[in-house]
Structures are given as structure tokens and as C-alpha cells.
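Here are some short notes to read beside the model. Keep the sequence and the 3D view open as you go.

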2 protein chains.
Amino acid sequence: MSQDATEGDLRNTGMSLKHDREWDYELDRIVEAVEERDAKRVGLQFPEGLKRRGPAVADDLRELCDDNVTFLLSGQPCYGACDLDTYLMRRTDVFVHFGHSPMKESDKIIYVPLFSNVDPFPILEEAVEDLPEEDVGLVTTAQHMNRFGEMVEWLEDRDYNVHTRRGDERLTYEGQVLGCNYASADIDADQVLYVGGGKFHPLGLAMEHPEKKVLIADPVNNVVTVADTEKFMKQRYGAVHRAMDAQKWGVIFCTKIGQGRMEIAEEIIADNDDAYLITMDEVTPDRLRNFDMDAFVNTGCPRITTDDGPQFHKPMLTPGEYRIAVGDKPLDSLEFDTFHGTW
Amino acid sequence: MSQDATEGDLRNTGMSLKHDREWDYELDRIVEAVEERDAKRVGLQFPEGLKRRGPAVADDLRELCDDNVTFLLSGQPCYGACDLDTYLMRRTDVFVHFGHSPMKESDKIIYVPLFSNVDPFPILEEAVEDLPEEDVGLVTTAQHMNRFGEMVEWLEDRDYNVHTRRGDERLTYEGQVLGCNYASADIDADQVLYVGGGKFHPLGLAMEHPEKKVLIADPVNNVVTVADTEKFMKQRYGAVHRAMDAQKWGVIFCTKIGQGRMEIAEEIIADNDDAYLITMDEVTPDRLRNFDMDAFVNTGCPRITTDDGPQFHKPMLTPGEYRIAVGDKPLDSLEFDTFHGTW
């Protein structure tokens, strides 16, 4: 695990804050960058769940910086490190992206991952009761990376053979997963322990690795469950079947900096005279309803296809599912769509 | 009226099209530009109401152009000439913006205004019955500009003294109005005849010029009505009153190319410690709900404030209305917010 991953630990901050909060926003690191660069405009981008904290963070920064510094809050939707507000980034002297770890290092961007201060060990006690085998994979999200090393040790102390790896260059840390990338679970164990809040990440993990048992230890909601992908997989097969009759295909290229796969989109267009290339940043049911298509292929974020699919008026497939629907590949080749590389 | 304004007349197109349509998409002009520039990528942007025509237009262009030309349809929402898909524009060799007249001339952009082929004169016959005075202003939208000269003559033949002007540099044609600019109605007549479909433009016109009678001759829906702003004006006063108690203000800067008013936004921020600058392209209720504010000031498109205001969870004001709500200006200074200049 990188040294950086401990920097955000709440216990390390000595600053007195105007507003109480659960997260360490690493204000000292931001203020230092503002002073170093003599910045006049500072952009602050938060993911959806943390946007309402933005004004308080801006308040604290205003107090710590010169009066002539203007803080701009990004109002663009944000769902990951793939999803930088490039407009704001290009127009500010310092640009801070909160809540995600770096997908690609850049001098232009300060990433503040917002590590959780929740204690994962009580829920791990419960989880190990459902991990019968000696070999276990361990993965978590950026928020819990500050405790990853401790978690590995804790499991080893209990005689587990813990398998971890850094997935690929899209990921910052060893053991880290993203909603679109589970390469850190490509390990030699049939059971994988996921530590983190919610089911979004472990469901993707279980779809990407259907041969493994994925155990969820959720220290936020304090529950242990096994990831169950049945509902999602049924929806995927259903969408593929419904799209098999499609004549007109809308092929979506997502313009978000970390979600573009133009080559895949252009390959589809080149092969299919009834396919149309559509570019957009946010892929929403409203936007697609304007196009008179029978089905869509989404080359952008696979989680929109998988998780939001039923909200769209026409079937939306991943590029792999499209190949099945048009008969290029057999039905049993259906697999979870993942993203690799950066930009 | 400019010579260009007749180019889109449906009767002038001799091309045989794969798809029937009501509009002239000026394919010859687009094909010429593609060939001249040896373009490999061509971007096509349609406003919301015409997006579903995009694939058919792309089909026709594919047939007329070399196989190695890729056509990309913009899936971004589009509500005006102020609202160019700059991402697509910067990544294509030819970029075509349909449905609006040029807000600013540029070699990069081919504007295809899509002139209407509807006959305005039957509804004008009806309208003149409700135009008792000799002096009358005449305005219309880009779609009907191809008949503007004829309409002026038609009214003059009926002994009207017709007042027309080109508003300002934001507008392309004499007599043209935009949803945010009614400078073409700054004329010496107490009655203004608006010719065009829907009530969006004449309601803005009547709010901007409350001293004038605005008669709507709608040749699309075949009705004559007088613009009634009462509902909207009540909503504006209501929003201002509800915002008078606001502590925390979100000040929205719209990042769309033709909707940015950063100076106005920064002035508000500079004066008010409880105001926060928020940047975004689409200003929607969902996006603002993420911010814990008591009220918003929208420095972007005034029609979002005026027409969509009630859909937002907190009062949203124009910059002028904000000055009233915080006590800088008297209540009776309330007026319609307009946009001038380009970018």
C-alpha cells in the first residue's frame, strides 16, 4: 500500500474547523498548493453523496486563504475518479477532486480520497465466521485504504492466507476495486472478502468473478452478506434477448475524461449500417428518449448499463452484450463489462 | 433581412432524400464543407425537438459522402444557439448546428437554421383584426425569418406602419427574437405582432416589454392570442419574497458557451460571505438538490429561472431579483432578465 494512503486519516489533522465533519478534507495540503501557485481560482469537486459538504469546506478554505482567492464548486454530477470536471479543471489554478483516489496522477489535480474513520474490525470478526477456506482474497474501496494493511495483518493473525494485488494502472492501491474494475480480485482464492459500505462494488465484483464467493463485510451498515447477482444477471439476459430484434442501434460514446472507448464505438459503427454514434457526458433515460432507436450500446460506464438499465425506454447493452445480440458471439459468452487503462 | 435567410427554403432543395421531412437540412452545403476540408469526422447537433431526426439526416449524409467519413450525433441537451456542444465541435472537422441561426459567426460551425415551410399569411389575416393601431412592431423567430420581408410588405399593404429593427449583436436577423433577448422589439409602437409557434418567445417578450400589447399569431397551431404574463409575474414576485429570508445562496455560473456571466456571479460572491459559486452546464432541479442552500441566483439562461423556477426545491432568482431580495434594490425594479453580446 502506498504511503499516501495514510495521509487522510482523521487522526492526523490538527486543524480547527468551523464545521464538524466525519472526513478529513486535507485542508493543509490544499492551502499549501494555493499559496505555492499563488492561485486566484480554486475549483472544488465532490461526488454526489458529499456535494452538500462543499460550502462548509469552501468556508474553511476561505478563512485559511487570502481574500482574493475565489472558490468554485462544481455542480456537475460526479460518480468516480473517471469523472473529472474538466471544464472547471481547465479554468482554475488549483483543482481539488474529493472522494476518489487518483486514476491518473497529474500536477493539475489534487485528489483528496476522504478516508473513512469507521473501524472495520468488529464487522471482520463477524465475517470470518463465513470464510471457511484458508485462502482468501481481500479487496476494498478507496475510502478504507487507510486500514488495508492492518486488515491484511488481522486476517493473517487468524491463519488466513491473504491474497492481494494491485489490479492495473486504472487503480491507485493494492486491493482497491472500482465500480468498473475488479482486477485486484484476479487472485488464487475461491473466496473474496470485500470490506466497504453498500452493495455497488461487491455486486460488480461478483458479476466479474462469477466463480468466486464474494463476502461483503459492511462496516458502515454493520452487516455481513454474500453478494447475490441473480437479479442483475437475469436483467442482463433479458436485455440481450429484447435487443435481438433491434434494427436501429444508438452507440453511445461517453465524453467524460475517464469513460471514453471510441475504438469500440467506431468498430460497431463500421460493421453496422443501422448503428449511429451518439456522444454525451451524462447518459440518462431523458437524453436517450430523444433518439428514435430500437436499442443502445453503451461504451461508457458499464454500471449505468447494468444498474440503471431498466430505467431506459429501450434495451441498453454493453459492447460484449451487443456482439451476442447481433449474433457475433454465443449467449454463454455474456460477461461483466470492465474498464482498464486511464486516458 | 440577410440574403442567407432564404437559403433554407424547402422549395430550393433539389436533392432526393431517403426520408421524407418538413425541413431543409441544407445537405448540399454540408457535403461541400466535408469535401472542401477533407473531413473525417462530422458532428451533428440538433435541438431537443428535432433530435429524433438526426439518424435520418446522418443516413442521407452517409450516402452523399465518402465511406471514411464518420458522423457523430450530439446527445447533449440543446436549447439554443447559445448552447453549442463544444466538446463535439472541438473534436470534429466539420460541426453542424441545426435549428438555430448563428449567435456568432465562426468557420468551425455550419449553422443550418431550418426555416419553416408553414404559410404565415392565413393567421396574419386573423391577427390584424386585433391590431387596431397604425403602428405595429413585427418580430419572429429564426424559423420564420425566410418570410419576414414578405410579412412586412403584407402588413404595409394593409396600411400599417411596420416597425422593425435588428436587436443587437446576439441576434442574427432584423426582427428576430431569442428566449433571452427581445431588443428587436425596442421600437416605437405600443403593439407588437409576434409570428411563430408556441408561447415561449412571446411570453418573454411581454415580460421584457410590459408596457406593450404582444399579439401572438401562431401559424403552427393556427391561433391568435394576447400574451398574458400574469402567472409568471406572480411566480417571480413569490420567489423573490420567499428568498428574502435566505442565509446561504448558491450562485450558479453556467458553463455553456453562450450563457456565461462570470462578472455578475463574482460581484455577488464578493459582496456576500454566505454566497457560494457553483458551476455547471445543465441547471436542473436534481443537480441543485445536492447543495444545501436556502436560495439560488442563476446567472445562466433566464428562462430556466422564469419558466422552470417552480420545479426547483428552493427559490431561484435572476441576478436583478437577487438584488431586490437582499434589499439592494426596491421591489418595483423587478424586470425580465435578458442576455446581450455573444462570447
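1. Helices (H or I, at least four residues) and strands (E, at least two) are DSSP runs, numbered from the N terminus. This is a predicted model: local features need pLDDT of at least 70, side-chain atom pairs count only at pLDDT 80 or more, and totals for chains, interfaces and linings use all residues. Residues are numbered from 1 along each chain as its sequence is written, and chains are lettered from A in the order in which they are written.

2. Start with the second largest pocket. A pocket is an open set of points on a 1 Å grid over the protein atoms alone, where a 1.4 Å probe fits, with protein on both sides within 12 Å along at least five of seven lines; lining residues have an atom within 4 Å of a point. Its volume, the space filled by probe spheres set on the points, is about 1000 Å³. The lining has 50 residues, and those closest to the centre are T86(A), Y87(A), T255(A), D281(A) and Y87(B).

3. Which element gives the largest share of this lining? Helix 3 of chain A does, with four residues. Helix 3 (86-90) of chain B also supplies at least two.

4. Now the open sheet in chain B. Five strands run in the order 6-5-7-8-9, with mixed pairing; strands pair if DSSP finds at least two bridges between them. Strand 6 (161-163) and strand 9 (223-226) of chain B each have a single partner strand, so one side of each lacks a neighbour in the sheet.

5. Strand 5 (135-140) and strand 7 (191-195) of chain B run parallel, joined by four bridges. V139(B) stands opposite Y194(B).

How values were computed:
Heavy atoms only, no water.
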